[in-house]
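Here are my notes for a first look at this one. Have the viewer open as you go through the points.

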Amino acid sequence: MAVSSGRSQRRSSADPSTRAGKGRATGTSSAAKGSIDGLLATKEIVVACGPGGVGKTTTAAAAAVMAAVRHGSKVLVLTVDPAKRLADALGLDGIGNTEHRVSDDAFRAAGLKPRGQLWAAMLDTKESWDELIRRQAPDEQSRDEILANPLYQNISGKFVQSHDYIAMERLFEIHAEGDYDLIVVDTPPTRNALDFLDAPQRMADFFSSRLLRWLIVPYRSRLVNVATKPFYQIADRILGTEFLADISEFFILFQSMYDGFVERSESVGRLLSDRRTTFVVVSTLEAVPLREAEFFAEQLASRKLHLGAIVLNKVLPDYLRGSEGAAAAESLRDRADELAVQLGPVVAAAGAAPGDRGQIARVLTEVADSYLNFQMVALREMEERSLLSVAPDVLATVPFFDTDIFDLAGLVRLGEQIWE
Amino acid sequence: MTGAQAPSSPLVDLKLVFVTGKGGVGKTTVASALALLASLRGKRVLICEVDAKGDVAGFYEAPPTGFREREILPGLFAMTMDTEASLREYLKLQLRIPVVGRIGPLAKAFDFVATAAPGVREILTVGKLCYEARERHFDLVVVDAPASGHIIGQLAAPQAINDLVKVGLIRSQTDWMLKILSDPHSTGLVAVCTPEEMPVNETIELARRVREETTVQLSAVVVNRVLPELFGRQEEAVFHALGEPEPLGLLNELVNANAGPLLDAARLAVTMRRTRTTHLEVLRRGIDESVPMLYLPYLFTRSHGLRTTRQVAASLGEELGY
C-alpha cells in the first residue's frame, strides 16, 4: 500500500477471502499482454477516460462486470461524473456515495453466475468532502466549525473544481482500505479529466502556497508588510473586508489540517502514476471525439501515466464498407421502378403487403439511400481509424449495438467484445 | 422558481443564451449554428467559448480565437473565455487599477484567489458574459457553455456569491448579474440533446436542476441527430416481405449482387430510429410543456466544419419558423 494512515485501518474486519483474491489479482500475472482481460487481471485501478458521449461510463461498467464475472474478483465501479449515468447503465436507482453491492439476483436475472462480486458507487462531492474533514480534523471542535463554515459548504457542494480533487481523494481512500481487487473509475469528459489528473498536484500546491500564509496572517499586521500590502488592498476592494475575514477564518481553521492535506494529495498523485494504475481511453471513430482522445493519450504519455488501452466504441458494422454493397445500392436506386415490377408478385406472395409497385419502388429507394448514407459514415470511420496517431498496446473495437445497453446482460454483451 | 415557466422571448431575440448539453451531443455545433443564424438575420452576435477547447473557430473554418473578440464572419464575432484575462479586464474597467500587471506574478495570485474564494472563476466567466450583454456591444451573446454536469455551478455562482458576500463591490456586481440572468427576456438556456437514453436522462435532470438551483430560464431543448423515418406502416410491411428468402433471392438475381447487407443496413436504421423515438417520448414527458423542442436531422454527409454549421443553422431556422 502506497500510504496507509492509521485511519485507513479502521475497517479492520475486511473479509479474508478478499485478501486471498487480491494476491491472485496483483501477483506477477501470467495473463497475456495486449488484452483487456490481462489489464483487468493485473491492475488494481483502471481509469476510463475520454471525450463525452462515447460510452465511457458503459464501457467502464462493462469492464467491471466482466472482471467480476470472469475473474472472480471483488470489483468496484466508481463513477465520478456529476450526472447519474452509472445508475442508468447498471439499471440501478439511487446508488449513492456508499458502495453498494449489485445483488446476485440481478446477475441471475441476466442469466449470469458471477464468480466474484460487483460493487458500485457514485461520487457525492459534498458527502465525500465531509468525510474527508471528519477524517482529517484534529479535534471535534475544529471539525464542527469547519463543517458549519458557510465558505466550506460552498466549496464542498457547489463548485466545479472541488469535484476533481475529491474524486481522486475518494479513489485513494477506497484503494487504501484494500477492500477491492479492482477499482474501475469512470471520469468526466476529457478536458475535465485533465483537471482531474492535475487536481492532487493543484491541491498540494495550494496548501503549501505562500499566498495562503499571507491570507491567514492576522488582519492588523497585513497592511504593515510592504510585500503583501498591494495584494490585500486589491483583495479588499474586490471581495470586501468582511468576506476576506470569512476566508481567513476558514483557512485558519483549515490550517490544522494542512500537513495532512498536502501529504494526502501527494499520495493521491503517486497512486495515479503507480504501476498498478492504468488508463483506458474510450472514443468513437468520429473526428472530433477521436482528436480529443488522441490529445488525452498524448497528455498521459507526457505525464508518464500508463495508457493501457484504447477502446473504439459504437463502430458501424463491416457490411457497410464493401464496394459491392455500394454498387448494389446504386442499381437498386436507379432501377427501382423496373425492379418493383418484377418483384411485385413474389413480394405479394411473401405475405404482408398488397404488392403495390409504387410502394415497392419507394422501399427500394429508401433502402438504397439509407445504405449509402450509413456507408458514408462507415467509410469516414475507417479513414479516421487509419489516421489514429497513437499506438496503444491494446486497441479494442466495439461494434454499434442497435439497442441501448442498460442492464447487466447488455454490459456483458459489450464486455465480451472488448475482452480479447 | 417552481410551477410553470413564465413565457420567454424567441431564442434569437434574447441577449444572452447559454448552450449546454451532455458531452458529445453536438453542443458546440448547435451554439455555432445559432450564432450564425442570428448573424444572418442581421444581428451583431458574439459567440463565446467557455469550455476552452479552442475549437469553436473551427466550426467557422476560422483560425483559433482568444479573449479579445474577433469578427470571423460578417456580424459574427468569436472569443474564448480566459478567466485570468477577464479578471485583468475587470480590474482595469471597474476598479481603475492600471498597475495590475505589476502586482507580482498575477497569474499565481489569481490562481490563489480563484481557488481560495470559491466561485471566483465562475463569476468572472458569467460576469464577463453579462457585461457584454448589458453593455449591448452585441445584440446577442451565445455561450458555448460547459457540459450539463457543470453548467449549474456556473449559472448558480452569482447567487452563491451573493449569499456569501454581504457587502462590497462584488455584492453590487452580482446584483446586476442576477438581474440579467433572471430576466427571461434577456437570458436563456438551451439544452442540446440527442434521442439516446443517457442524454435524455441527463437533459431531464438538467431541466430540474436549472429550475431548482438557478434563476435562469430553460428556453428550448434542441434535439440533435434525429434520424429520418424510412418507411410508413405499409412500406414497412413491404420491406419485411422483401427480406423473405424468395423475394431476396430474386432481388439478388436482378441486381446481380448480394442485396442482403442493404436490407441489414435498413433494418439497423429502422431499429435505431425506433429506439430513438421511445427516448424522444420520454424527453417530451420529462420537460415542462412550455419549453419548445427543436429537432435537427442527423447529418450523414459531413460531421463538422462550416458546411455542417450552415446546414444546422438552416434547420434551426426552419424549426424556429424563419
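How many bridges join strand β2 of chain B to strand β5 of chain B? Five, and the two strands, residues 45–49 and 140–144, run parallel.

1. Before going on, some housekeeping: this is a predicted model, where local features need pLDDT of at least 70 and side-chain atom pairs count only at pLDDT 80 or more, while totals for chains, interfaces and linings use all residues. Residues are numbered from 1 along each chain as its sequence is written, and chains are lettered from A and ligands numbered from 1 in the order in which they are written.

2. Chain B has 12 helices and eight strands; these are DSSP runs numbered from the N terminus, with at least four residues (H or I) for a helix and at least two (E) for a strand. Of its 322 residues, 51% are buried, meaning that 20 or more other C-beta atoms, placed from the backbone, lie within 10 Å of the residue's own.

3. Now for the sheet. It is open, with eight strands in the order β3-β4-β2-β5-β1-β6-β7-β8 (chain B) and mixed pairing; two strands pair if DSSP finds at least two bridges between them. At the edges sit β3 (70–73) and β8 (293–297) of chain B, each pairing on one side only.

4. Look next at helix α8 (residues 197–213) of chain B, which lies across β6 (187–193) and β7 (218–226) and runs at about 160° to β6(B). Axes here are lines fitted to C-alpha atoms, for helices over the stretch in contact, with angles from 0 to 180 degrees between N-to-C directions.

5. The largest nonpolar core has 89 residues, and B:Val17, B:Val19, B:Leu34 and B:Val142 touch the most other members. Such a core is a set of buried Ala, Val, Leu, Ile, Met, Phe, Trp, Tyr and Cys residues joined through C-beta atoms within 7 Å. Leaving out residues up to four places away in sequence, B:Val19 touches B:Leu34 and B:Val142, among others, and also B:Lys27 and B:Asp144. A second, separate core of 75 residues includes A:Leu76 and A:Phe296.

6. Finally, chain A is assigned domain 1 (16–206 + 275–316 + 400–419) and domain 2 (320–386), with bounds from an automatic or database domain assignment. Six residues of domain 1 and seven of domain 2 make the contact, which requires C-beta atoms, placed from the backbone, within 7 Å. On the domain 1 side, α16 (287–302) and β7 (307–315) of chain A each supply at least two residues.

Technical notes:
A residue is buried if 20 or more other C-beta atoms lie within 10 Å of its own, exposed if 12 or fewer, and partly exposed in between; C-beta atoms are placed from the backbone. Two residues are in contact if their C-beta atoms, placed from the backbone, lie within 7 Å.
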